[in-house]
Amino acid sequence: MNIRISAVFVVAASLCSVVHAAGPTIDIVVGPKADALEKLAADEAAALLKKLYGAEARVGNALPAGNGPVVVVGTPSSNPAFGQLKLNLPAVVRNDFAVKTYHDGARPVVAVVGASPAAVKDAAYELGWRLGVRYFTFGDLYPAEPPSLEKAEIDAVGRPSEKRDLTFNATFASPLDYAAWGVGDWKALLHQLSKLRYRKVVLDASAKNLAGKETGLPIEINSDTMGRAAFQSAKAFDNAYLASASTMAAGRAAAATKLLQTIRDEGKRLGIEVVDAPSGAVVAQTDALNALHVDYYLTANSRLDVDPHFSHQTIYEEILTPICGTEVGGRVARAFEEYERATLLVNRSDDQFGVLGPQMFLRHFEATEPVPGWWNAARTHYLNAMNEMYRANTRAREGGRAFTLPYARKFEFAAEYVNVCESLRRAGAAKRKGDKETQITELEKAIDSASNCCNAMAAVARTPSDRAYIAVMNQHAYRPLLKLLEEADAQ
Amino acid sequence: MRTVGYSWCLVILLAAIANADDWPQFRGPNGSGVSAETHSLPTEFSTDDGKNIAWSVKLGDGIGCPIVVADRCITTAMSGDETFSVLAYDAATGKELWHTKLATGKLPRITPPNSHASSTPCSDGKKVYAHFSTLGLIALDIETGKVDWKFELPKPAYLMDWGAAMSPIVYQDTVYFCQDDDLAPTLFAIDAATGTLRWKVERTDMLAGYAVPVLCTAGGRTDLVLAGSGKLKGYDPAIGKELWTCNTMPRTVMTSPVVRDDVIYISVQSYGDETRTLKYALLEWLDTNQNGELTLAEVPKEFASRFNQSDKNGDGVLREAELDTAFQSPDNMVGGGTTIQAIRGGGSGDVTKTHVLWNVKNKSPSNLSSPIVAGEQLFVVKKGGISSSFGTKAGESHWELKRLGKFGDYYASPIAGDGKIYVTSEPGSVIVLKAGPELDVLARNELGDSIISTPAISAGRIFVRTKNSLVCAQEK
């Protein structure tokens with residue numbers, strides 16, 4: 001069933017300024033026998049209101065005296081305040097949740113209600129969504145101009161269709177995946193997945209594999225590292241939690257076991273089922289080019305599950321307008337279209353093209369075939385995606401650039417990736433012809449492009465996987481290519 | 001090849017300084033980047049093993065360059081989300097002498113790799129003069145760091161959101177600050193003692209630019225010289241009167257000129273060719289829906305008034321001819337291009353046809369790294385560590401587009417001293433060359449951190465402001 005929305009946002013700049021200057025006091029009421037997830041929902045609502053309005057949000061078990069605004073959180077049966085206020089609640093069943101404002105009673109009320117404790121949690125995050133907050137796996141983005149809470153009229157019911165697979169699959173085979181994510185990173189990720197209503201996380205890792213060298217970690221960060229600004233003063237790129245364990249193999253393995261258990265425990269606390277992948281399951285190789293916009297799609301998928309009248313095209317404005325401003329969604333949509341064209345082309349033409357690993361780039365140096373024509377087409381799509389995203393970024397003036405700029409730089413990474421491969425093919429061809437000058441020129445271009453890849457990501461790296469791109473490009477592109485150049489110079 | 005003697009010409013010090021070893025502003029004496037002192041400077045140094053590293057301190061984010069005055073190394077940083085800091089250290093030991101924090105208020109939009117703490121301060125040995133976009137100019141006592149005066153400036157606005165990064169200079173008791181933004185480009189002259197305005201010149205034909213003013217003495221007169229969009233101009237520093245203009249610059253000037261004797265040298269790379277006026281950039285980046293027109297919603301709010309003035313037919317849309325001159329002066333419709341020029345100082349009026357000594361147009365210039373003139377050598381470096389060198393007499397080529405062996409971006413400008421040129425890369429390398437007409441790399445040093453700002457030289461020490469630290473290198 002569809003979600004019903006009749007939210008009217010009244011932006012009251014003066015109220016916002018008053019709010020930020022003094023901060024209103026808002027009472028949040030959760031039932032005295034509320035489930036842990038309902039209490040979590042109340043705390044999350046409090047945190048949202050504090051961040052949006054500078055509000056002092058007091059969480060309690062009973063309606064406070066007076067006529068001040070109150071947020072009532074719970075299932076219809078778990079919170080007596082719903083009945084005390086005689087609220088006409090939307091009907092919710094199974095996993096439905098609802099957020100509704102009431103202005104016609106003795107006091108302003110916001111009902112945050114769900115059919116189950118997990119659904120109550122979803123309702124708390126829906127309140128944030130209706131007030132303009134947007135959740136992504138990398139974090140929350142807040143609206144530039146939050147609407148007036150006192151004047152907002154919200155009547156939103158979410159009825160998850162359960163037709164969409166809101167399962168999050170985590171692999172650990174490569175630093176680009178989740179091999180470098182430590183406890184803090186995972187807790188933050190699970191928190192975001194919880195906001196996006198992902199109910200299940202599948203871990204494709206054993207402690208032994210996670211601790212071992214199969215993940216490709218650690219990767220040295222030395223003084224000649226492109227994009228090193230992303231690593232601060234670290235000497236290696238690694239899973240920080242595992243690295244803090246003893247350097248003895250047993251210590252790292254024990255830490256990996258603890259990490260995986262922490263993920264399960266934290267998932268349980270947040271109402272997310274964490275399971276292990278079936279043994280023997282085929283794990284897709286990590287592709288550096290295919291997952292550059294996965295953050296956005298995790299959010300879009302979650303939203304489409306409760307807002308099916310949106311399409312992937314129309315939901316761009318819904319997701320982005322509160323945080324980026326008007327007309328940004330359309331540009332982002334075009335950017336992603338171009339990126340997806342590139343992705344389809346690459347997958348159709350060479351499904352190993354974006355798989356980063358040893359010899360990945362050097363195989364282009366040794367390849368005897370000429371530069372494939374589809375590379376130029378792929379690069380053009382990546383560049384178009386980058387340019388569209390930069391236009392979106394320019395337009396997203398008041399806030400929202402935390403969303404657009406990273407994608408622009410990631411698409412730049414992809415275009416430069418193609419440049420590395422192309423220059424290497426030319427360098428290899430020149431070497432076979434005995435044309436040392438061209439060989440060196442093309443190798444230098446390849447190194448320039450590898451450097452540009454790293455710098456593009458370094459400018460916007462915010463997760464361990466982002467930093468992994470930089471570390472892996474140094475390991476498998478920049479450093480091997482420097483060696484090739486030295487060899488060519490020495491000939 | 002004839003061997004050219006590269007004896008060091010004394011750089012004419014036109015600013016009052018506390019001692020001869022001072023590096024009192026962006027790129028030192030008169031912005032030349034050249035140290036005339038006789039101390040030997042380290043060739044090899046590294047934070048990896050501490051070789052020839054005298055000291056280092058941690059700093060907050062910032063790309064303003066360090067200065068050295070009266071045995072103090074002074075720099076700036078963001079020490080909190082909305083806190084701007086000016087810090088002074090003992091140049092010999094790195095001991096913090098004072099740290100002044102200033103609340104900035106809400107910060108404006110900027111584009112990486114710019115930082116909010118982007119301006120380089122200057123000093124006359126009595127006060128330190130610093131700029132911050134939301135605060136204007138601030139004067140601090142050099143002994144204590146106490147704020148002496150503040151001069152509020154209009155908040156700069158940029159069509160492409162680059163953000164502020166201009167730096168002041170001080171000369172004969174006057175602080176000069178050129179705020180060439182896209183909205184209200186203006187040159188200010190402020191009394192250094194009192195912080196009151198002496199004069200200002202509205203440079204209405206300019207677009208955003210970041211050149212630092214320099215001084216050029218020619219024909220018995222010292223002019224304040226500014227490179228800007230399309231034009232290099234000379235002003236009377238006492239009253240701000242425009243004395244001459246040389247209309248040979250391309251559209252976007254982010255580098256600063258340097259002066260040797262009575263000649264001004266400049267190297268500029270501005271995107272596109274001569275036909276690429278501002279309109280093309282507007283249609284590429286501000287025209288969000290790519291329909292070939294601009295609406296008010298598509299330009300930054302600060303430019304609403306300019307938009308409305310340009311909207312001749314009042315339909316709320318800028319198109320065609322309206323776009324041509326909406327934000328670029330019709331008197332200065334210059335496009336892109338690259339150039340390295342030598343222009344003789346002095347003159348009167350339009351000197352475009354009379355004072356350009358030579359003009360080299362090739363791919364050598366960087367858009368951000370300024371040239372250095374050391375002796376009779378003009379040296380430039382750009383992204384990828386690609387360097388070129390020319391003779392100052394006629395722009396004759398020594399070498400062109402040769403790599404220095406370290407890749408990455410090169411934002412900082414070269415500096416020179418002790419017969420050496422120091423070139424700094426963003427990934428953290430400091431490459432040392434022997435100054436002269438042949439490329440001779442003496443060392444490639446690693447400082448292990450991103451470097452965007454230009455280092456300083458003083459009393460045998462090199463001060464490098466990295467992304468997270470201030471490092472002092474000195475022969476041990």
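**Reading the interface of chain A and chain B**

Modeller: In this predicted model, the area buried between chain A and chain B is about 2600 Å², and carbon and sulfur atoms give 47% of it. Local features need pLDDT of at least 70 and side-chain atom pairs pLDDT 80 or more, while totals for chains, interfaces and linings use all residues. Residues are numbered from 1 along each chain as its sequence is written, chains are lettered from A in the order in which they are written, and side-chain values use heavy atoms, with hydrogens and water left out.

Biologist: How should I read a buried area, and which three residues supply 24% of what chain A buries against chain B?

Modeller: The size of an interface is often given as the accessible area lost when the parts come together. Here buried area is the accessible area (1.4 Å probe) that two parts lose on being put together, summed over both. On the side of chain A, Ser223(A), Arg391(A) and Arg397(A) supply that 24%, more than any other three residues.

Biologist: How many residues does each chain bring to the contact?

Modeller: Contact means heavy atoms within 4.5 Å, and chain A brings 28 residues to it, chain B 32 residues.

Biologist: How many salt bridges does the rule find across the interface?

Modeller: A salt bridge is a side-chain nitrogen of Lys or Arg within 4 Å of a carboxyl oxygen of Asp or Glu. By that rule there are 4 salt bridges between chain A and chain B, and one of the pairs meeting in a salt bridge is Arg403(B) with Asp448(A), at 2.6 Å from N to O.
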